[in-house]
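Please examine the model below before following the dialogue.

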Amino acid sequence: MSAQTDTRPPSPPAPLTKSNDADRLRIVPVRRTGQWAAAVVALALLVLALNSVIRNEAFQWDVVADYFTTTAVLRGLGLTLWLTALVMVLGFALGTLLAVLRLSGNRVLQAVSWGYVWLFRSTPVLVQLLFWFNIGALYPEILGVRTVNLLGPVTVAVIGLTLHEAAYAAEVVRGGILSVERGQIEAAQSLGLGPWRRLRRIVLPQAMRSIVPPAGNMLIGTLKGTSIVSIIAVQDLLYSVQLVYHRTYQVIPLLLVATIWYAVVTSLLSIGQHYIERHYARGTAGAR
């Protein structure tokens, strides 16, 4: 008899169980041995550095604590903060005007703005301060007014730093204005808005997303840069601690006092900058 052919359809394969899925699809993470080793080494070096700073008696931390909140230091800190705020406000006011002139259609105004930015960015701020401090030697009399001893050290510091910061602020504002889409400006023109109203209501609010980050960096740089006014005897934070250590000869701890105060204020400004950036970045991909 001939063998009967099995006409039954083949049985389907057995379904994969959960354990089989895990065995076949198991994902093995990449071993990052080098990164972990580098992290451990970096952490160990950081601990050693902190231990060295804290336990090194040459830093005289007790002296730092004694002078950290003295009247002279706090008075110098107050002058530093006041000078920073005033210079930033005046510098950005003048810088905004220079940026508008640079973007205007008038060739003369463009040249004046470009020349100002070129001049004040090409010379060190210390040289500018010394020129203003010795303005009486350059121009003994202006419009019938004798300039000798006319400008005090604080006034010289405000003028010199403001004119210097305005050159950089002009480029920051100009870059922010150029970041605004041309269609926004054309839409404002079609609504009949004048140039200054377009700038104030349409352009600048949108440009702030690009202006705030470099402006924040400028603010922090100006805070630290005000220490240069100590060269003309302005009693800012650095000059105040210098007066103390010239009397006590405790140079290192007094410099640490100034350093810590600069670090504290800079950290607070950085936090404020973060929240301002997040405010103007609302609705964008970079908002966090």
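Predicted model: local features only at pLDDT ≥ 70, side-chain atom pairs only at ≥ 80, totals over all residues.

**Reading helix packing, cores and backbone angles**

Q: At what angle do the axes of H9 and H10 cross?

A: Axes are lines fitted to C-alpha atoms, for helices over the stretch in contact, with angles from 0 to 180 degrees between N-to-C directions. Helices are DSSP runs (H or I, at least four residues), numbered from the N terminus. The axes of helix H9 (residues 182-190) and H10 come within 11 Å and cross at roughly 160°. The two helices H9 and H10 are therefore roughly antiparallel, a term for angles over 145 degrees; under 35 is roughly parallel, 65 to 115 roughly perpendicular and the rest oblique.

Q: Which residues make the contact between H9 and H10?

A: Contact means heavy atoms within 4.5 Å. H9 contributes Gln184, Ile185, Ala188 and Gln189, and H10 contributes Arg198, Ile202, Val203 and Gln206. By class, the contact of H9 with H10 has 4 nonpolar, 3 polar and 1 charged residues. Here Ala, Val, Leu, Ile, Met, Phe, Trp, Tyr, Cys and Pro count as nonpolar, Asp, Glu, Lys and Arg as charged, and the others, Gly among them, as polar.

Q: How are H6 and H8 arranged?

A: The axes of helix H6 (residues 125-133) and helix H8 (residues 153-178) come within 9 Å and cross at roughly 135°. H6 and H8 are therefore oblique to each other, and their crossing is right-handed. On the H6 side the contact holds Val125, Gln128, Leu129, Trp132 and Phe133; the H8 residues they meet include Pro153, Val156, Ile159 and Leu163. In the contact of H6 with H8 there are 10 nonpolar, 3 polar and no charged residues.

Q: Is Thr162 buried or exposed?

A: Burial is judged from relative accessible area: under 20% is buried, over 50% exposed and in between partly exposed (1.4 Å probe, protein chains only). Thr162 lies in helix H8 and is buried, at 8%. Leaving aside residues up to four places away in sequence, Thr162 touches Val87, Leu90 and Gly91.

Q: What makes up the largest nonpolar core?

A: A nonpolar core is a set of buried Ala, Val, Leu, Ile, Met, Phe, Trp, Tyr and Cys residues joined through side-chain atoms within 4.5 Å. The largest has 19 residues, and those with the most contacts inside it are Leu237, Val241, Leu254, Val257 and Trp261. Two or more residues each come from helix H3 (61-67), helix H4 (71-103), helix H11 (237-248) and helix H12 (251-280). H12 gives the largest share, 7 residues. Apart from this core lies another of 15 residues, among them Ala99, Val180, Ile185 and Val203.

Q: Where is Ala233, and what is its phi?

A: Most residues other than glycine have a negative phi. Ala233, in the loop between helix H10 (195-225) and H11, has a positive phi near 65°. Ala233 is partly exposed, with a relative accessible area of 40%.

Q: Where is Tyr249, and what is its phi?

A: Tyr249 lies in the loop between H11 and H12, and its phi is also positive, near 65°. At 70% relative accessibility, Tyr249 counts as exposed.

Notes: Residues numbered from 1 in each chain as written. Heavy atoms only, no water. Left-handed = near helix turned anticlockwise from the far one by under 90°.
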